[in-house]
Amino acid sequence: MAKRIDISGLSAYYSSFRAIEDISMAIEPRSVTAFIGPSGCGKSTFLRTLNRMHEVTPGGRVEGKVMLGDENLYGAGVDPVAVRREVGMVFQRPNPFPTMSVYDNVAAGLRLNGSYKKSELDGIVEKSLKGANLWNEVKDRLNKPGSGLSGGQQQRLCIARAIAVEPNVLLMDEPCSALDPISTLAIEDLISELKERFTIVIVTHNMQQAARVSDRTAFFNLSAVGQPGKLIEIDDTERIFSNPSVQATEDYISGRFG
Amino acid sequence: MSQTVNVERPSTLQGARLPKWAPLAVAAGSIALGLGISAAAGLDSSIQWALLAAIFFVLASYGIAARVEGRRQAKDRVATSLVWVAFLLAVIPLVSLMWETVERGVKVLDGYFLSHSMGLVTDTEPGGGIYHAILGTLEQVGIATLISVPIGILTAIYLVEYGRGRLAQAVTFFVDVMTGIPSIVAGLFVLSFWILILDMGPSGFAGAMALTILMLPVIVRSTEEMLKLVPNELREASLALGVPKWRTIMKVVLPTSIGGITTGVMLAIARITGETAPVLLLVWGSTFINTDPFDGPQASLPMYIYQQYANSGGSGAAYDRAWAAALTLIAFVMILNLAARGIARWKAPKTGR
């Protein structure tokens with residue numbers, strides 16, 4: 001299921017403001033790639049260009065190429081809705097649908113896209129919740145509202161919802177920043193399990209987290225406020241955190257600025 | 001030494017407090033004082049002694065609290081008592097109106113009254129009922145609701161979910177203008193277009209069109225506000241699952257806000273149910289039962305009330321009927337509001353565990 005992503009010459013704009021400039025990188029399948037960098041450097045914007053969520057923002061547009069396998073996501077005639085079925089996303093704040101039960105939340109992506117048999121859905125919901133390490137906690141309350149779960153459970157519910165549609169790639173935008181350390185640990189464990197099946201890209205402000213969960217790490221920076229963000233370097237996580245090739249990366253990681 | 005000081009002086013966090021019954025006592029005292037002064041000065045209006053009592057209440061609350069508790073607490077008490085006085089000032093007219101309507105309305109309000117029309121009963125003699133008016137009101141309001149709810153909700157969806165630039169601005173502007181249209185103007189507009197230009201006769205439908213004009217902006221506005229309350233994160237969560245935008249709106253945005261939208265619609269219905277002017281111009285009124293809203297004059301409750309009052313020539317029977325119809329109208333609107341609250345509570349996003 002997992003696919004490789006090749007990005008070349010990608011710039012993203014908010015109306016006339018260029019938020020990120022000329023980014024090229026490769027994201028390996030069945031691995032975790034972490035994006036780190038100071039606030040406002042365009043990590044989240046870049047992440048959102050990978051499933052065409054950037055253009056949902058008014059004025060958002062993109063130049064460049066994103067190859068998922070051998071298809072350009074920004075090619076002519078590509079349907080953004082189809083792209084988002086291939087590339088799932090988990091957001092910073094847990095956002096289960098408030099009108100739906102736990103079960104309906106997980107089934108939402110499938111139900112809203114077509115009709116499924118009840119027995120089929122039951123299987124997918126159970127598999128997704130097990131995949132998100134949430135099954136044991138919610139199996140007796142599948143029909144209770146999803147917003148009644150704790151924050152960490154809600155975030156895992158959102159992950160279950162995202163993997164229920166069997167995407168190729170899973171994008172995570174600071175998935176643990178609103179969670180306590182124990183829930184964070186649960187999500188991090190989950191990420192290392194999920195990378196067996198999905199290509200995972202995670203944005204994080206927590207350097208230890210990047211070091212713990214990711215195989216490769218990309219460092220983004222911007223030269224000044226109001227300037228577009230740029231990719232400084234991408235390398236194996238171990239190398240980035242021990243012996244980065246750019247001085248700015250080392251400064252950021254060791255806390256000398258940012 | 002220090003121990004004795006501690007015993008003698010209470011904690012600095014505790015201050016003198018007035019007892020719980022103090023505000024009630026002050027209120028009773030000021031009412032007595034207000035009554036006493038108005039009796040002594042020979043004022044016979046009940047508003048005057050109540051206003052005097054309200055002023056005494058606020059002043060006394062401040063004075064007593066300032067002396068016992070300190071100035072900050074006194075200001076707090078003044079703010080609290082002002083809120084209470086304002087609350088009572090707002091509620092008293094409402095309660096007295098309800099009281100008056102119920103007291104005078106129940107006299108002739110019975111099953112016969114609700115199930116018979118005026119027919120050949122003349123305005124000055126007793127008997128007759130409001131069945132034809134209830135029927136007319138239900139049909140006119142029902143048609144107006146059927147037309148304006150879909151248009152209003154779709155307009156609001158356009159404005160919130162799709163509208164950008166000039167067109168959306170223009171629509172918002174015209175909705176704002178429509179909000180301010182007096183009902184008589186809406187009635188005159190339909191009158192000149194439907195009856196004078198197209199040469200149609202008076203009918204419930206013509207009245208419903210004018211009511212639609214009045215109802216539409218209310219629905220658009222309230223639905224718009226409700227849709228804006230839906231967090232953007234929910235839309236993004238749905239879009240990121242690969243759900244098309246229209247399905248996101250249908251299955252995520254609307255269900256999340258349906259409680260508020262329903263309340264808005266019910267309030268809009270409640271608002272137009274009491275409209276008299278356009279009905280007077282376009283439906284003309286009738287003393288007979290007319291079940292066809294597309295043909296011929298119909299009655300409606302507000303107009304029935306007006307006619308019973310205006311054409312009665314001072315007859316008590318007509319006044320009684322007008323009050324009973326008013327009571328029916330108020331009850332109808334109140335039931336609608338209760339239903340709206342019920343639906344809003346039932347459909348509200350559940351947060352329980």
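Residues are numbered from 1 along each chain as its sequence is written, with chains lettered from A and ligands numbered from 1 in the order in which they are written. In this predicted model, local features need pLDDT of at least 70 and side-chain atom pairs count only at pLDDT 80 or more, while totals for chains, interfaces and linings use all residues.

**View 1. Chain A, overall.**
Chain A holds 10 helices and 10 strands. Helices (H or I, at least four residues) and strands (E, at least two) are DSSP runs, numbered from the N terminus. The C-alpha atoms of chain A fill a box of roughly 55 × 45 × 30 Å along the principal axes. The radius of gyration of chain A is 18 Å, which agrees with the value near 18 Å for a compact globule of 258 residues. That radius is taken over C-alpha atoms, and the globule rule is 2.2 Å times the number of residues to the power 0.38. Of the 258 residues in chain A, 47% are buried. A residue is buried if 20 or more other C-beta atoms lie within 10 Å of its own, exposed if 12 or fewer, and partly exposed in between; C-beta atoms are placed from the backbone.

**View 2**
V87(A) and M89(A) point one way from β6(A). G88(A) and V90(A) point the other way, and all are buried. In a regular strand the side chains alternate between the two faces of the sheet. Strand β7 of chain A (residues 169-173) runs parallel to β6(A), joined by 4 bridges. Two strands pair if DSSP finds at least two bridges between them. V169(A) in β7(A) is the bridge partner of V87(A).

**View 3. L170(A) and the largest nonpolar core.**
The largest nonpolar core has 139 residues. Such a core is a set of buried Ala, Val, Leu, Ile, Met, Phe, Trp, Tyr and Cys residues joined through C-beta atoms within 7 Å. L170(A) and A325(B) have the most contacts inside this core. Helix α9 of chain B (residues 204-229) gives the most to this core, with 15 residues. Apart from this core lies another, of 8 residues, among them W49(B), L52(B), A54(B) and V58(B). Beyond neighbours within four places in sequence, L170(A) is in contact with residues including G88(A), V90(A), L194(A) and F198(A). Two residues are in contact if their C-beta atoms, placed from the backbone, lie within 7 Å.

**View 4. Where chain A touches chain B.**
Here 24 residues of chain A are in contact with 22 residues of chain B. On the chain A side, α2 (80-86), β6 (87-90) and α3 (102-111) each supply at least two residues. α2(A) gives the most to that side, with 3 residues. By class, the chain A side has 12 nonpolar, 8 polar and 4 charged residues. Ala, Val, Leu, Ile, Met, Phe, Trp, Tyr, Cys and Pro count as nonpolar, Asp, Glu, Lys and Arg as charged, and the others, Gly among them, as polar.

**View 5. Chain B and its two domains.**
Chain B has 14 helices and 0 strands. The radius of gyration of chain B is 28 Å, whereas a compact globule of 353 residues would have one near 20 Å. Chain B is divided into domain 1 (2-100) and domain 2 (131-347). These bounds come from an automatic or database domain assignment. The centres of the two domains of chain B, taken over C-alpha atoms, are 44 Å apart. Of the 353 residues of chain B, 37% count as buried.
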